[in-house]
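Subject: Structure handover

Hello,

Here is the structure I promised to pass on. Please have a look at it first; my notes follow below.

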Amino acid sequence: MMRPMKLAGSQLLFGGGCLAFLRDVGAKRAMIVTGGGSMKRCGILDQAADYLRESGAEVAFFEGVEPDPSFDTVMRGAREMERFNPDLIVALGGGSPMDAAKAMWVYYEHPELTTLEEVLTANPFPKLRGKARFCCIPSTAGTASEVSRSFVISDSQGVKRGLGNMEMMPDIAICDPRVTLSMPAHITAETGMDAMTHALEALVSNRANYVSDTLARRAIADIHDALPKAFDNGQDIAARETMLNASMIAGMAFTNVSLGIVHSMAHTVGSLFHVAHGLADAIILPYIIQFNSGNERARALYESVAAPFGTDDMASVVQGLNKKLHIPAALSGVIKDAGGYRNRLGEMAAMALADGCTKTNPIIPTAGQMEALFTLVFDGKEM
């Protein structure tokens with residue numbers, strides 16, 4: 001039987017200027033969670049805070065969420081929330097502050113929970129919204145955490161741990177393309193290819209359905225068109241808006257039907273070799289399209305979305321896009337310790353196979369196949 005779908009929270013806003021909706025959220029105490037400073041430097045953080053104050057809210061900040069946020073950061077944020085007692089949590093930034101804030105929300109609502117494992121294994125999942133609503137404002141077009149039920153947090157060993165539950169779907173998503181104008185070109189490329197990966201993995205997921213297919217197909221077409229434009233000219237507001245909307249609908253698709261082994265492998269190399277997530281996705285994606293094409297249904301789907309680009313080879317379409325975005329063709333272009341990488345192939349294969357995204361891939365690899373795939377994406381050879 002099909003699983004119930006949820007495409008977003010209570011309120012979804014998109015288009016230029018929609019950040020001003022913060023004037024109407026009706027909060028009394030709002031805490032803004034943000035990252036390393038780009039939102040402050042470009043003035044968006046102050047603008048968001050001013051809008052919240054216009055609504056009558058008292059505003060506090062938790063700043064400095066790092067890339068691949070740690071559980072320690074999550075717990076520090078939750079303790080700050082306990083002191084300030086917000087009735088609205090606003091995550092402003094890329095995937096890292098949005099994921100971190102989502103996890104902080106859980107521990108703020110349930111201070112009796114003190115370990116990551118308690119939440120990862122919770123059954124039933126802790127109820128939220130007893131203390132606060134949750135709002136996401138993405139500054140990148142890629143992760144789609146604003147319409148996702150998931151977070152990824154690094155544990156004390158630096159291993160990325162992911163969790164998804166519909167209880168964590170943000171109540172409010174505000175997708176204003178002006179917030180993304182400060183993205184540098186390489187972040188535009190990497191997060192954009194994360195969105196492309198979301199769409200392509202949702203398309204061939206073994207849980208895919210009519211709605212997810214519709215969303216994924218439109219996202220693939222729009223990202224292919226708009227991402228090179230946003231990469232070449234970061235001030236192209238039309239391209240920024242298309243990318244943010246395409247990322248959003250790719251997120252709606254994958255949060256309902258899950259992903260595949262591109263993400264399983266990217267989570268693994270991100271944990272062990274600190275490769276940025278979107279960059280890892282972009283490099284790995286064409287090889288997994290080739291691997292998954294061993295499944296007749298997946299192959300037909302890839303061919304159908306490649307057809308508007310004048311080919312039946314979606315892997316080559318992705319490779320061409322990566323080339324335009326100056327993304328290396330293999331992981332050896334970003335991981336320089338070849339010996340260390342090869343020594344951990346067995347460990348990487350086990351981690352990727354245990355990742356929750358693997359179970360919805362159209363082909364479930366064996367351990368040997370997974371090791372071969374990790375070798376392939378490092379060496380960059382043809383399958």
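Serine 10 touches Pro170 and Asp171, leaving aside residues up to four places away in sequence. Contact here means heavy atoms within 4.5 Å. Serine 10 lies in the segment before strand 1 (11-14). Serine 10 is exposed, with a relative accessible area of 63%. Exposed means over 50% relative accessible area, buried under 20%, and partly exposed in between (1.4 Å probe, protein chains only). The C-alpha atoms of serine 10 and tyrosine 51 are separated by 20 Å, and these residues are 41 residues apart along the chain.

A word on the source. This is a predicted model: local features need pLDDT of at least 70, side-chain atom pairs count only at pLDDT 80 or more, and totals for chains, interfaces and linings use all residues. Residues are numbered from 1 along each chain as its sequence is written, and side-chain values use heavy atoms, with hydrogens and water left out.

Next, the aromatic rings. A search of the whole structure finds 4 aromatic pairs. Rings of Phe, Tyr and Trp (its six-membered ring) pair if their centres lie within 6.5 Å; planes under 30 degrees apart count as stacked, over 60 as edge-to-face and the rest as tilted.

Phenylalanine 273 and tyrosine 341 form a tilted pair, because their ring centres are 5.5 Å apart and their planes are at 40°. This pair links distant parts of the chain: phenylalanine 273 is in helix 9 (residues 261-273), tyrosine 341 is in helix 13 (residues 338-343), and they are 68 residues apart. Helices (H or I, at least four residues) and strands (E, at least two) are DSSP runs, numbered from the N terminus. Both phenylalanine 273 and tyrosine 341 are buried.

Tyrosine 341 also pairs with phenylalanine 378. Their ring centres are 4.3 Å apart and their planes are at 20°, so this pair is stacked. Phenylalanine 378 is in helix 15 (residues 367-379), 37 residues from tyrosine 341. Phenylalanine 378 is buried too, like tyrosine 341.

Two charges sit over rings. The charged end of arginine 29 is over the ring of phenylalanine 84, 4.2 Å from its centre. The charged end of lysine 131 is over the ring of tyrosine 108, 4.7 Å from its centre. The test: NZ of Lys or CZ of Arg within 6 Å of the ring centre and within 35 degrees of the ring normal.

Best wishes
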